Amino acid sequence: MLLRHTKKASEAVDRKALTINPAKTCQPVGAMYAALGVHGCLPHSHGSQGCCSYHRTALTRHYKEPVMASTSSFTEGSSVFGGQANLLQSISNIFAIYEPEIIAVHSTCLSETIGDDLKQITEKAIADGKVPEGKHLVQASTPSYIGSHVTGYSNMVKGFIDKFAFNTGEKKRQVNLISGWVEPSDMREIKRIMKIMKVPYVMLPDTSDVLDAPMTGKFQMYPNGGTTISEMASMGDSMATVATGHFCSRDSAIHLENKCKVPFKLTDVPIGVKATDRFIQAVSSAAKVSIPEEVNVERGRLVDALADMQQYFYNKKVAVYGDPDTLIPLCEFLVDLGMKPMAVVSGTPGKEFAKRMEAILAEKVPGAKFANGSIADMYKLHSWIKEEPVDLIIGNTYGKYIARDENIPFLRYGFPILDRIGHSYFPTVGYMGTLSLAKDILNLLMDYQDANCIEEKFELVM
Ligand code: SF4
């Protein structure tokens, strides 16, 4: 038993302050991931080397790609007197040596605590002539004692819109896609759907061809992918915005509307049938196009396959953990499959998140437990599972300890996945991605049955 100290929920102490194995990571990790989705951009961590190493490691281990980022390298002196001098020096060095088009600076716990003002420092850098002609600085405040990596992602995307999007007064026939935190393959799948729908678009951020770039034999500090500066500038002239994922994208969509008068539609990350329907409808009405037959055919194919699978999903209990933008459509989908998400946690706080999750669960899963925020950790999830065992666990790599101890099938899903390879190449959004997700869930349940059933129940045909 790896987690031999976890107690059943009914025997566990009611905690007010202690987090045990959090179900989230820190804000700058999200800020760094968002910045990597912009072409020619180098993420910069304004804090200690240790923070930057952690953020890069988390991303590198998940995406299996070298993640480039720089740091202000705080020492004892900068920790006491402030990091302005370090950041100004960093900006000069980075533009001279690494030649990015943009440096995207995010703060850390330490620089926030000592009160460094990134806006003031970056303005000073420009005033002091440390930013070469045609190069740019973007900044986002990302103190990690507030929110989670989801908040950091949202803040950094908003920073790009604040810096680059402008309304020239000439409308473009294009739709902005402000993407929630999904895999590079998911971003590529959403772009494929946009092509089928014949909708011109700008996607921000776009990590496809950055964190899943092909092997070419040549090192490229800044891969070909990512949203370009001119694309971001044009977002202010788009006819509308579709923002996927309320918690990663809403602030940016609102900011773009306020700044450039581009109306937006907020929708969930398209995981599952209903959420994909909502996404397709949102794009269709934002771009004023009808839904092509090819999209309907993909939907029909998914529904047909789900009808074949449904008997195996029915009444299966699931424990799920992760990020709000993923958990909401995922749990809705699980409920639609006839499954019961009995235990759901997320380290990301938020009352609106809790309200939406409770609405999804209350209707069809009586007795389901949900918690979010700092006390909603992996320990809590495990104690709930000990109280009421489940048939499947879905979440990032950190759930493997619970899955092993309790002998429960485990689907690695979300961020980070540290102990497997390939997850960032196969989409789980849209109708086709949803089909792939359903297939993975079903295979796990059937593999478990094959491995654990008595000989008389071991069937060739299932
Ligand atoms: S100190 Fe804060 S910013 Fe740095 S790694 Fe820890 S949580 Fe993240």
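Axes here are lines fitted to C-alpha atoms, for helices over the stretch in contact, with angles running from 0 to 180 degrees between N-to-C directions. Helices are DSSP runs of H or I with at least four residues, strands are runs of E with at least two, and both are numbered from the N terminus.

Two notes on the source. The model is predicted, so local features need pLDDT of at least 70 and side-chain atom pairs count only at pLDDT 80 or more, while totals for chains, interfaces and linings use all residues. Residues are numbered from 1 along each chain as its sequence is written.

I'll start with the helix pair. The axes of α1 and α2 come within 9 Å and cross at roughly 60 degrees. That makes α1 oblique to α2, oblique being whatever is left after under 35 degrees (roughly parallel), over 145 (roughly antiparallel) and 65 to 115 (roughly perpendicular).

Which residues meet there? From α1, Pro-28, Val-29, Met-32 and Tyr-33 meet Cys-51, His-55, Ala-58 and Leu-59 of α2; contact requires C-beta atoms, placed from the backbone, within 7 Å. By class, this contact has seven nonpolar, one polar and no charged residues. Nonpolar covers Ala, Val, Leu, Ile, Met, Phe, Trp, Tyr, Cys and Pro; charged covers Asp, Glu, Lys and Arg; the others, Gly among them, are polar.

Now α1 itself, residues 27–36: 10 of its 10 residues are buried, meaning 20 or more other C-beta atoms within 10 Å of a residue's own, all placed from the backbone. The cover includes β1, α2, β3, β4 and α7.

Last, the ligand. Its surroundings include Pro-28 and Cys-51, counted by a C-beta atom, placed from the backbone, within 6 Å. That shell has five nonpolar, three polar and no charged residues.

Methods: Buried ≥ 20, exposed ≤ 12 C-beta atoms within 10 Å, placed from the backbone. Contact = placed C-beta atoms within 7 Å.
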